[in-house]
Amino acid sequence: MTRIPEETIEAVRSKTDIVDLIGEYVQLTKRGKNWFGLCPFHDESSPSFSVTEDKQLFHCFGCGASGNAITFIMDIENSPFTEAVVKLAERTGIEIDTAVSEGAGAKPHNEFKSMIEAHALAANFYSHLLLNTVEGEEALEYLEKRGFTRESIEKYGIGWSLNDNEALSSLLKRKNFDMKDMERAGLCIMKDDGTGYFDRFRARIMFPLHDGNGNVVAFSGRILSGSKQEAKYLNSPETPIFEKSHILYNFHNARLNVRKTGKVILFEGFMDTISADRAGVTNSVAVMGTSLSDSHLLKLKRIAKELIICCDGDDAGWEAAKRFADLATQKGLDVKIALLPGKMDPDDYITEYGGDAFREKVIGNPHSFMSFIMAYAKRSKNLSYENDMLQYIHEVLEELAKRTSPVERDLYFRQLSTVTGVSIEAINQQFIKMAGHQAKKAKAEPKPKYGETMRPQPTVPIRKKTGTERAERLLLFHLLSDGELFDRIRLDKQNLFVREDYVAIFIRLAGFYEQHGIPDFHRFAESLEDRELRKIVLESAMVERDPEHAAEEIADCISHLEKYKVSLTIHAKIHESKEAEKINDHTRALELAREIIQLRKSLTTL
């Protein structure tokens, strides 16, 4: 096992455009020279995450996260250095032997690596069975009748599981996978007598489910035929690598197109996403048989400006759309709802009216949130009945009271008046009364105690750095960019740093210079496993400085830190002197007093 050559690492770093890379994970907007977006490392509602194109660095003014392209991948995907370089190399077309590692004793990138490898093997196995075997012919014909092309089947990795209890289990055994881990991964189940394992999925069309990085982490299997008592779909259980509340189907494929369009389409199920893709809608995702979670919404908010919800046209679909829309608006997303006629689902609509109609009339013509609310509130009511009409007005105004735009209120007052025949003045009076009641109710309700609120925590205010902290940061910058300065300080002054993190960085920097010989703050930061230390290094590398007065800056930093260390020693000796006096050790107290006087005199010469 060998290391990745330094020149290869530099080539990967220099060929990776950090704006393009981070833009695949975060919706970025250019302001001045830099790009800004919502930080992917902490929850925030206002963009404080900055990407600097000329320096090829990122920095969050909220949580302090800093780095370059390689450390971004290390942090966002929890990957070791080697794996991050290999991923970026594939992205930029640079060839790297995938067998390389950080050394013979290197650990796998995480303890669940074998689970991900097993899922990749299973996905390839199922795909082969569907496309290349007699056993898969019936399932392939079924898919083709449903409108699937071979291209779409291969794109989504659709496969077929044999009607055999141990087809996959036997393959996993032959490949030396730990079968207990395979059971934890949801691929097989232990027999009742404990003598072995059998396959979880049998005689089903297999749809791989991917995480945000494109790794297969689970499956959904659909029956082709059989007993009505069998569930139509069988999904993998939640495992260490698969949590429904964190996975959005097709997120890894859709991310680039979402970023380009600024819009993401959200469906109820993954089959809707596949159908929409066949119709030319390439920026869609779907929840995995669960409710829309905060984690889902955070992912979508970071990459999209607008969320378009498209659920089935039946009652359950309307209810799902309402739930999704409520949750998304609470998170501050710009939400629209695409409605389907009758009780159609997306596949029904595309089959009957075609992909063009679906793109233009459904997805391309969505309702605003309030327009949807009016339609939702009206569905189950007969407005010729007074009670239904009053309830309808109440439900719409209740939702409208949460919105602050006078223009929007006026628009919907007029629409309500047209639909119900009630005057705008009467609707306005009812609205004022309702808004007042809500305000009193909100005032009377006890405020949530600290930690009870479900809202995103506000960004921690940036504390102003002390003179000593600024001196440490500026000196570290010069040490990162000047190897001779580092050697001089190391020999003459030893370690000037005060804070433990900076002392740790100084020690590691010594080892880096011994190994590499030349300054390279990018490579040094990438070599640090501790994310906090890496953040300090890259934050220091971005500090504002005066290149024409570098010598004066360095001298000022050294002087300040030396004085600070002497002052700390003085305070310690004063404390020790007081303790000596308490126990009547006057000789020691006098000795300490002399030392304190000498230290105070030394401050004038530093």
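Before the sheet, a term: I call two strands paired if DSSP finds at least two bridges between them. Helices (H or I, at least four residues) and strands (E, at least two) are DSSP runs, numbered from the N terminus.

A note on the source: this is a predicted model, where local features need pLDDT of at least 70 and side-chain atom pairs count only at pLDDT 80 or more, while totals for chains, interfaces and linings use all residues. Residues are numbered from 1 along each chain as its sequence is written, and side-chain values use heavy atoms, with hydrogens and water left out.

Entry one, the sheet. I found five strands in an open, antiparallel sheet, ordered β1-β2-β3-β4-β5. Its edges are β1 (29–31) and β5 (66–67), each pairing on one side only. I followed β4 (residues 57–60) to β5 and found two antiparallel bridges; F58 has G67 of β5 as its bridge partner.

Entry two, F41. I located F41 in the loop between β2 (34–37) and β3 (49–52). Leaving aside neighbours within four places in sequence, its contacts (heavy atoms within 4.5 Å) include F49, F58, C63 and R531.

I looked up α16 (residues 369–378) and α18 (residues 406–420): they pack at about 30°, with axes 11 Å apart. Axes are lines fitted to C-alpha atoms, for helices over the stretch in contact, and angles run from 0 to 180 degrees between N-to-C directions. Angles under 35 degrees count as roughly parallel, over 145 as roughly antiparallel, 65 to 115 as roughly perpendicular and the rest as oblique, so α16 and α18 are roughly parallel. On the α16 side, M370, S371, M374 and K378 make the contact.
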